[in-house]
Amino acid sequence: MALTTGIVGLPNVGKSTLFNAITQAGAESANYPFCTIDPNVGIVEVPDFRLQKLTELVSPKKTIPTAFEFTDIAGIVEGASKGEGLGNKFLSHIRQVDAISHVVRCFDDGDITHVSGSVDPIRDIEIINLELILADLESIEKRAAKVAKLAKSKDKDAMAEYEVLKKLIAAFEEEKPARSLELTDTEKKIVHGFQLLTMKPVLYAANVSEEDLLGEDNEYVKKVKQLAAEEESEVITVCAKIESEIAELDGEEKMEFLEELGIEESGLDQLIRAAYSLLGLETYFTAGEQEVRAWTIRSGTKAPQAAGVIHTDFERGFIRAEVVSYDALVTAGAMAQAKEAGKVRLEGKDYVVKDGDVVHFRFNV
């Protein structure tokens, strides 16, 4: 399932440091703009406590988590929509991702330069938002010029598209992103074909200092959360510096370090799960003696298509699915007991697989 979240931000906000910690991919990171030019792509495991619990219940030979992609995109600067700072190349990289994780600097440090000369997260967010809006406006105006001629000839499809284009242009001229518009299902289908940068869902990663991570939100983070609330977006508070240290630890060492810091879960684990959800992804499980495994599906996926994620033969020859919820299975203590308690259901082709379902597919090819 080749869906990816792009990590964006102004230069020197901690974007590549965060990406390195997420993927341990070793993307170059330095204290000067345009350190990242070509996008780095990393596969990340999705942290899920349920997988460990299922492993304890089943005792399989191996356990396999699910994963998805993060893409580290070079820092954008003011004027990117006009080609500044290799802007056209960077914007094309953003166009290729499905969602955006926007890293915002929320800490003061005189040793780390800021491209704008001072720390102001709202200004930084507005700079990037405006560049994306301007890029979208340019492409939509070009499209509108072509469609207008067909609309004048009373072509119904062209007329419908032209109305949507005018609505988008009006929003962009007011510096509003496409995702802020209320659109009908028909309009959404039309807009989907435009591949707009500002239609992509966004979450914010507020990068703070070590001191601010352990205390209450600083004033910078409070401002970001207020803006995000107005957009109905999510904010994850992280300290890229600490996360880079945590990423080098495994198992018990990681847990001990988190305990010493006084936090239950790393910011990166929160960010990964939030990005996963932002992409509209869910997880179901298979559990047997050979392996316990997490599988990724889009929200709303029906049983045959969910089976197809494992193997196309499973979808092609789908008969039915044996399904038990994660909570019901854990409460029962084992699959046999769950069956005895009547918690295992037989579902057909129209069943929509839910996040946390433990499934055994029956098929015949």
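Predicted model: local features only at pLDDT ≥ 70, side-chain atom pairs only at ≥ 80, totals over all residues.
Residues are numbered from 1 along each chain as its sequence is written, and side-chain values use heavy atoms, with hydrogens and water left out.

Let me begin with the sheet. Helices (H or I, at least four residues) and strands (E, at least two) are DSSP runs numbered from the N terminus, and two strands pair if DSSP finds at least two bridges between them. On that basis six strands make an open sheet with mixed pairing, in the order S2-S4-S1-S5-S6-S7. S2 and strand S7 (234–238) are the edge strands, and because each has a single partner strand, one side of each is left without a neighbour in the sheet. From one strand to the next the twist averages 25°, where axes are lines fitted to C-alpha atoms, for helices over the stretch in contact, and angles run from 0 to 180 degrees between N-to-C directions.

Moving along the sheet, strand S1 (residues 4–8) runs parallel to strand S5 (residues 99–105), and four bridges join them, with valine 8 having histidine 102 in S5 as its bridge partner. S5 and S6 are also parallel and are joined by six bridges; here histidine 102 stands opposite tyrosine 204, and arginine 105 has asparagine 207 as its bridge partner. S6 and S7, again parallel, share five bridges, and leucine 203 stands opposite glutamate 234.

How covered are these strands? Taking buried as under 20% relative accessible area, exposed as over 50% and partly exposed as in between (1.4 Å probe, protein chains only), seven of the seven residues of S5 are buried. In a regular strand the side chains alternate between the two faces of the sheet. In S5, one side carries Ala99, Ser101, Val103 and Arg105 and the other Ile100, His102 and Val104, all of them buried. Strand S6 (residues 202–207) has six of six residues buried, and is therefore largely enclosed by the rest of the structure; Val202, Tyr204 and Ala206 lie on one side, with Leu203, Ala205 and Asn207 on the other.

On a 1 Å grid over the protein atoms alone, a cavity is a set of points where a 1.4 Å probe fits but cannot get out, a pocket is an open set with protein on both sides within 12 Å along at least five of seven lines, and lining residues have an atom within 4 Å of a point. Grid points are joined across faces, edges and corners, and a volume is the space filled by probe spheres set on the points.

There is one cavity of 30 Å³ or more, and the largest cavity has a volume of about 60 Å³. Counting Ala, Val, Leu, Ile, Met, Phe, Trp, Tyr, Cys and Pro as nonpolar, Asp, Glu, Lys and Arg as charged, and the others, Gly among them, as polar, the cavity lining has seven nonpolar, three polar and one charged residues.

The largest pocket holds about 1000 Å³ of space. It is lined by 31 residues, of which Glu45, Val46, Pro47, Lys254 and Asp269 are the closest to its centre. Among the elements that give two or more residues to its lining are strand S2 (40–45), helix H10 (251–261) and H11, and the lining divides into 15 nonpolar, seven polar and nine charged residues.

Finally, helix H11. What end-to-end distance should the twelve residues of H11 (residues 267–278) span? With the expected span being 1.5 Å times one less than the number of residues, the answer is 16 Å, and the end C-alpha atoms are 16 Å apart, which agrees. Its buried residues include Asp269, Leu271 and Ile272, and the helix is followed by glycine 280, whose phi is positive, near 75°.
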